[in-house]
Amino acid sequence: MRVRKAGGTGPEGTGRAAAERDGRTASSRAPLLEVRDLAVEFRTAEGTVRAVDGLSYRVDAGRTLAVVGESGSGKSVSSLAVMGLLPDGARVSRGQVLLAGEDLLTLSRREHRDRCGDRVAMVFQDALAALNPVHTVGYQLTEALRARRGLSRRDAARRAVELLDLVRVPNARGRVKDHPHQFSGGMRQRVMIAIALAMDPDVLIADEPTTALDVTVQAQVLRLLAEIQAERRMGLVLITHDLGVVAGVADDVTVMYAGRVVERAPVRDTFRAPAHPYTRALLRSIPSAASGGPQGADARRPRLSVIPGRPPSPAALPAGCAFHPRCDLAGDLCRSERPPLTTALTTQPHDDASSYPRASACHFAAEVLASHDVPAAASGRPRPTGRRDARETEEPTDA
Amino acid sequence: MGRYVTRRVLQAVGTLLLVMFLLHLLTTVAIQLNGNPAQAFFGDKVASPAQLAAVEQRFGLDDPCFDRVGDPCLGPFAERLGQYARGDFGTNLRGREVSDIVAAAAPNTLRLFCVVLITWLTLGMVLGSVAARRRGSAGDHGIRLTSVLIDAFPVFVLLIVYRYVVAVPLHRWAEETFGEDSWPPYWFKPSFDPDHPWATVVVPGILLGLAGSAAFIRLVRAGQLESYQGDHVRTARSKGLAERHVVVHHVVRNSSVPVVTAVGLTFAEALGGAVITEGLMNIYGMGGVLWEAVRNDDVGLVLGIVTLLAAVTVVVMIVVDVAYAVLDPRIRYE
Ligand SMILES: Nc1ncnc2c1ncn2[C@@H]1O[C@H](COP(=O)(O)OP(=O)(O)OP(=O)(O)O)[C@@H](O)[C@H]1O
Ligand code: SF4
Ligand SMILES: [Mg+2]
């Protein structure tokens, strides 16, 4: 199921890609949401910790950007920074968050939240904690509409039912008076999504919306998100630690490692040929990515990590490339020098006009890119038969 | 919800019966071991056996079980329950109906408790909220220090200092400043005045409330701090709601559950405080009456009042439980 995308941006040739840096684009029209060189710091007992360092991305109307990375890579923190919801002790130390060209970070906190309340909504990671246990879901669905748009009690009650219907909660009319703890995990996540949709946002940031759910429910919730996004032509930032989730839904992908972007590309390019060893390792950890295609992977995906070692703490980043202790290609250069995120990568041209120029932060990006059909055998794990061919992987599976 | 309330009420009735029975057993044992309290009726005078017998009969102390150590005296207990059920709570040693005494004394205690409760909640909510909102600031530390100081002073010290050191000059100053017939002099009157029950109960009530408020300040602060850090508050903020709306509907509202529970628990404790306060400030209330009754060996009155206080406590507990269920929907469906 690929939900498409009437192409929210103007045409962008690959020739221009080289001229662009870090998601900065020369497009005449400002992207819907653009994050530029964002850095977030935490003040902790051990000193200042940089949890996000130089994150850039952009989303346009009707498009989906996946932000992928292991736990602790800074996915949630960066989204909170975009929303103006960073906790005490955290601050944005650098960068811009442009909503239709306006830098939200230059606004007061009050105005920042005001803007986001109107146009950018977030689906939080843990729905049970993110919902208020003492208010009915009906109240929480329409709280902002009542307080900020002055909806009457009657209209709000009707709207609450509509919203629950929209996310396909059965018996919506009967359930608006229920409290969050009376819903199952999957239904609760739907309620969370409905709350995010209440103000009809232009951009939706969904922070691991399916992580807490079991596999079949995950697929349903993802499909729902994708459908609503396509229908409303929202920009969707889909945060996940699971690259397998990305394939069916997203247009572009940004891979984060230890607070930094390590690879950025259109999804099909990434799946065809990752340009960073970390992305490649993530891809290998999707069991059936090589055979059944992304969609086949969705239904039965055990959460396993084949990447040896653990991600570093942002308090103690390794010198050079932060990934080098876990990288099988690491050389001396990697240990001493940090690879910049470079966009000068040649990719095969493809029909899908994407706004995303490829970029990778690896000294050996070109080699990784060139060797993309080797690693399946090198991983040492028995693999199902089938050539690891990008074209096959991309075959749409929704008949 | 209805079932929840019914269950709580039944539990409460059971608790009350149990309390009454224990009370009965205690007094029975006391009578059996110490001898008949009918003598107390005559004070220091020596009564004839006939007079004693008459008094014993009048107060239901003539049952032979009171002479047998270890006998639970179930007969008189059942009899008393029957009388209570008919609304007959007996008389004190001077023949005054216990219900009349209570009718006169209870309103004053209620007045005292009103003031106490208002003091608790205002101090707790205001100072606790400020401390939580400006956590780590000088204000927060100041409030913490204040609450420690409050805790360090026992109620009776506070009351004695007030009554014997502060009240008299304040009262005189108020009389001179505002005139004898105005309100302020009554506020600072060192003892209770039945003609001005509200005015003379305000300051003792505030002092008693002050003593209990430290716990509330800390409770409100902790509860709100937890709420502030809660994910649901972040969600509320993500909706672009005004900070005041977020604080009222998501921080204060969510931290109200432990506060209400604490009101119930501290209430029982405050009954003890009321005995001291009413005794010291000469307030004619339940505590003062109980104090006198115990000193006079007035068994009938002690039993009647303690039973009533137990009933009030049990009712407060029910109210708290129900409020708890209303405030926290997760409780209702257990
Ligand atoms: N309150 C905090 N105090 C100090 N450091 C923090 C705090 N919250 C997050 N961090 C730091 O920020 C880093 C990124 O955290 P973040 O929650 O964004 O990770 P994530 O990518 O969302 O991971 P997950 O998949 O587990 O949700 C963490 O590794 C941690 O070091
Ligand atoms: S720079 Fe070196 S260590 Fe880092 S990902 Fe590339 S090859 Fe691996
Ligand atoms: Mg997270």
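Which residues are the closest to ligand 1, and how many surround it? In this predicted model, ligand 1 is surrounded by 14 residues, and S71(A), G72(A), S76(A), V77(A) and E208(A) are the closest. Sorted by class, this shell holds 7 polar, 4 nonpolar and 3 charged residues.

An oxygen atom of ligand 1 lies 2.8 Å from a backbone N or O atom of G72(A). For S76(A), a polar side-chain atom is found 2.7 Å from an oxygen atom of the ligand, and the side chain of Q125(A) places an N or O atom 2.8 Å from an oxygen atom of ligand 1. On its own, ligand 1 would expose 630 Å², and the protein buries 68% of that. Two elements of chain A, β1 (33–44) and α2 (75–83), each give two or more residues to the shell; the largest share, 3 residues, belongs to α2(A).

Next comes the meeting of the two chains. The size of an interface is often stated as the accessible area lost when the parts come together. Here about 2,200 Å² is buried between chain B and chain A, with carbon and sulfur atoms giving 56%. In chain B, the residues that lose the most area to chain A are R234(B), S238(B) and K239(B), together 26% of what that side buries. The contact involves 28 residues from chain A and 22 from chain B.

Between the chains there are 3 salt bridges. K239(B) forms a salt bridge with E143(A), their closest N and O atoms being 2.9 Å apart.

Methods:
Residues numbered from 1 in each chain as written. Chains lettered and ligands numbered in written order. Predicted model: local features only at pLDDT ≥ 70, side-chain atom pairs only at ≥ 80, totals over all residues. Heavy atoms only, no water. Near = heavy atom within 4 Å. Polar contact = N/O pair within 3.5 Å; in protein donor to acceptor, adjacent residues only side chain to side chain. Areas by Shrake-Rupley, 256 points an atom, 1.4 Å probe, with all protein chains shown as cover. Helix = DSSP H or I, 4+ residues; strand = E, 2+ residues; numbered from the N terminus. Nonpolar A, V, L, I, M, F, W, Y, C, P; charged D, E, K, R; others polar. Contact = heavy atoms within 4.5 Å. Buried area = accessible area lost by both parts, 1.4 Å probe. Salt bridge = Lys/Arg side-chain N within 4 Å of Asp/Glu carboxyl O.
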